[in-house]
Amino acid sequence: MEDQAHPTNSTAAPDHERRWAELADLVLIISREVQFRGYADERAIPLSPSEGMVMRYLQREPDAPPSRIADATGLQRTNLSTVLGGLERKGLVERRTDPGDGRGVTVHATELGRTNYALVRREWATAVSDAANHDTEHLDAALALLTAVESGLTKSRPRNRTTRPAAGT
């Protein structure tokens, strides 16, 4: 009997390869769906995917120079400058003179930025939990696997992008 969610084909890639591809597809689809639905709370300030990456990084590293943010998020410096400008206009981050080196700057999430990030994470959690009918049976295993995938992809990210970026969803 063939699994309808995962059809088999004798000429197809090995089963594990097909399942990894299915996981990648699902991650991209889920990410797009979370972004697409927006926010129910009118106080939430929408974030682009790049803005979300920067804000996520600033939750872990609250005092970071732009070069470190660019390296950690995979954004090119010119793109990061544009993203930071947008986040500043929204009141979510601020740049300050680096106290250790008066020539450099560091980026900080503002109180509004920290509050907004917590608010949008709650909205994301609600959307994903509702979509899964609040079933937590495999949640820890899913988190462990996705954390390992994220870590592995981040560690193996090419330093210089010589290929075109992957198509979005």
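These legends walk through a few close-up views of a predicted model. Residues are numbered from 1 along each chain as its sequence is written, and side-chain values use heavy atoms, leaving out hydrogens and water. Because the model is predicted, local features need pLDDT of at least 70 and side-chain atom pairs count only at pLDDT 80 or more, while totals for chains, interfaces and linings use all residues.

**View 1. The largest nonpolar core.** This core (buried Ala, Val, Leu, Ile, Met, Phe, Trp, Tyr and Cys residues joined through side-chain atoms within 4.5 Å; buried means under 20% relative accessible area, 1.4 Å probe, protein chains only) has 24 residues, and Val54, Met55, Leu58, Ile69 and Leu87 touch the most other members. Helix 2 (49-60), helix 3 (66-73), helix 4 (77-89), strand 2 (105-109) and helix 5 (111-131) each give it two or more residues. Helices here are DSSP runs of H or I, at least four residues, and strands are E runs of at least two, numbered from the N terminus.

**View 2. Around Leu87.** Skip the neighbours within four places in sequence, and Leu87 is in contact (heavy atoms within 4.5 Å) with Leu47, Glu51, Val54, Met55, Leu92 and Val93.

**View 3. Thr73 in helix 3.** Thr73 sits in helix 3 and counts as buried, at 10% relative accessibility. A polar atom of its side chain lies 2.8 Å from the backbone oxygen of Ile69. Beyond four places in sequence, Thr73 is in contact with Met53, Val54, Tyr57 and Arg157.

**View 4. Ile30 in helix 1.** Look for Ile30 in helix 1 (residues 15-37).

Definitions and conventions:
Buried < 20%, exposed > 50% of the residue type's maximum accessible area, 1.4 Å probe, protein only. Polar contact = N/O pair within 3.5 Å; in protein donor to acceptor, adjacent residues only side chain to side chain.
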